[in-house]
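I opened my notebook to look up how this chain packs. I took the core to begin with, then a helix.

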Amino acid sequence: MSIESPTSIKKAEGKLGVLMPGLGAVSTTFIAGTLAVRSGLSTPIGSLTQMGSIRLGKRNEKREVPIKDFVPLSTLDDLVFGGWDIFEDNCYEAAINAGVLEKELLDSIKEELEKIKPMKAVFDKNFVKKLDGEYVKSETNHRDRIKALRNDINNFRKENSLERVVMVWCGSTETYQDPSDKIYSNLSEFEKALDSNDKSIAPSILYAYSAIKEGVPYANGAPNLSVDFPAMFELSVKEGVPIAGKDFKTGQTLMKTILAPGFKAREIGIDGWFSTNILGNRDGEVLDDPESFKTKEVSKLGVLEQILEPEKNPELYGDLYHKVRINYYPPRGDNKEGWDNIDIKGWLGYPMQIKVDFLCRDSILAAPIVLDLALFLDFAKRSGLHGIQEWLSFYFKSPMCKPDLYPIHDLFSQKVKLENTLRHLMGETIITHLGLDYYYDED
Ligand SMILES: NC(=O)c1ccc[n+]([C@@H]2O[C@H](COP(=O)([O-])OP(=O)(O)OC[C@H]3O[C@@H](n4cnc5c(N)ncnc54)[C@H](O)[C@@H]3O)[C@@H](O)[C@H]2O)c1
């Protein structure tokens, strides 16, 4: 399999299905938001594919074009939504329960939302201790569950006359699993574990496996393992399917990956970074379980290590104490508050402090990420890309990359990578930001 030349990238014709395991706060905010934008009721703020533009060529050419005009992406009108959940609520009811968007807005698109009904989920309470699944498939072994999920994907495809489908995991955070376990090390070990119904394989892994086997690109919005292990890398390359993950980069970690590269760039030291959050949505309730929190904690902690590289900069970051807390506090619902206390040091070691109090709306920040991932993953597949899509790191707290590489967390490096990938795929010159040629004649 090879990358298509720009002229042979397949057009984004026909309907694109977006399937989401988990019809909760993020996915319903994404669906309702897209329908609202489609009806001209609102604006897709936060979405690079809808609002962003990209510079092409040299600065003096003054070529800046909207990304959606430059890259052949599906239009919002061509999207069809579907998903699974352990609760039977339709998308309207689930969005009302999530409490992110106003009822008035939801009522204006109620008819369309009510038509989106979840399929029965593959669920195992051992992986999400705080939830009780009611609307769950009866199949009890992994192979039967995969067969049922593949049937769901195919029925969704047929019933909606779809040309292509992508899947974005918007389900709850599952308990921590060790990626170095032998069953994840290669495809043959993993498939043996599926056959023997290995109890350590989580539902999100079964969704991901089913998607890839159906040729459906898959992105993981949560910090669960899901597709982030060598057996899945192997499968996704073999099947020619793009995969991406993991854990949507919103809220506090988004701020961290904006601020930390700035301190590092100016050689400002950091002794401590204490982050604490209060949130009261279902995600917060799930993360109140220490095993689910551990999965999230691992995802949130790695960010500073990689950006600051304390081993290479011991005087600046060698003593850095980094702590992340998440506290479930129901009165706040989806409107999270995240505090950061950052103890920095400057010239001659003089200490200073920065306090960040981010009153954010988690799902409002996550919804445009789901949209962009769906559109870019579909584009990636049409461009002949497969396996890990590191250029989509921009959207993730724990970006997936080849095992022999380290992830890039700096938001601005991630943005350059994303834009250069688009330029490369579309046959445009890569922008290096050197710029000496504007000032010196080239021989
Ligand atoms: N909101 C954000 O900003 C944000 C940021 C990063 C990551 N995330 C992650 O995205 C995911 C979704 O977040 P949310 O706020 O929408 O949570 P949510 O609790 O509102 O929604 C998750 C939904 O998944 C369902 N679910 C759980 N297990 C399932 C399974 N096996 N199959 C199908 N459905 C299942 C739950 O019933 C629930 O309705 C979470 O894992 C969260 O950690 C969210």
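Which residues does Val168 touch, not counting residues up to four places away in sequence? I noted that the model is predicted. I then listed the contacts of Val168: Val18, Met20, Ala219, Gly221, Val370, Leu373 and Ala374.

**Entry: the core.** I looked up the largest nonpolar core and found 99 residues in it. Val168, Val370 and Leu373 touch the most other members. Helix 15 (residues 362-382) gives the largest share of this core, 12 residues. I checked the domains next. Domain 1 (6-248 + 363-425) and domain 2 (252-359) both contribute residues, so the core lies between them.

**Entry: helix 7.** I turned to helix 7 (residues 142-159) and checked its length. At 1.5 Å a residue, its 18 residues should span 26 Å. Its end C-alpha atoms are 26 Å apart, which agrees.

Which residues of helix 7 are buried? I wrote down His142, Arg145, Leu149, Asp152, Ile153 and Arg157. Seen down the helix axis, the buried residues fall within an arc of 130°, so they line one face of helix 7. The face turned away from that buried side carries exposed residues: Asn151, Asn154, Asn155, Lys158 and Glu159.

I then asked what covers the buried residues of helix 7. The cover includes strand 1 (15-21), strand 5 (119-120) and strand 6 (162-169). It also includes helix 8 (187-195) and helix 9 (203-213).

Last, I looked just past the helix. Just after helix 7, Ser161 takes a positive phi of about 45°.

How values were computed
Residues numbered from 1 in each chain as written. Predicted model: local features only at pLDDT ≥ 70, side-chain atom pairs only at ≥ 80, totals over all residues. Core = buried A, V, L, I, M, F, W, Y, C linked by C-beta atoms within 7 Å. Buried ≥ 20, exposed ≤ 12 C-beta atoms within 10 Å, placed from the backbone. Helix = DSSP H or I, 4+ residues; strand = E, 2+ residues; numbered from the N terminus. Domains from an automatic or database assignment. Contact = placed C-beta atoms within 7 Å. Expected span 1.5 Å × (residues − 1). Arc of directions from axis to C-beta.
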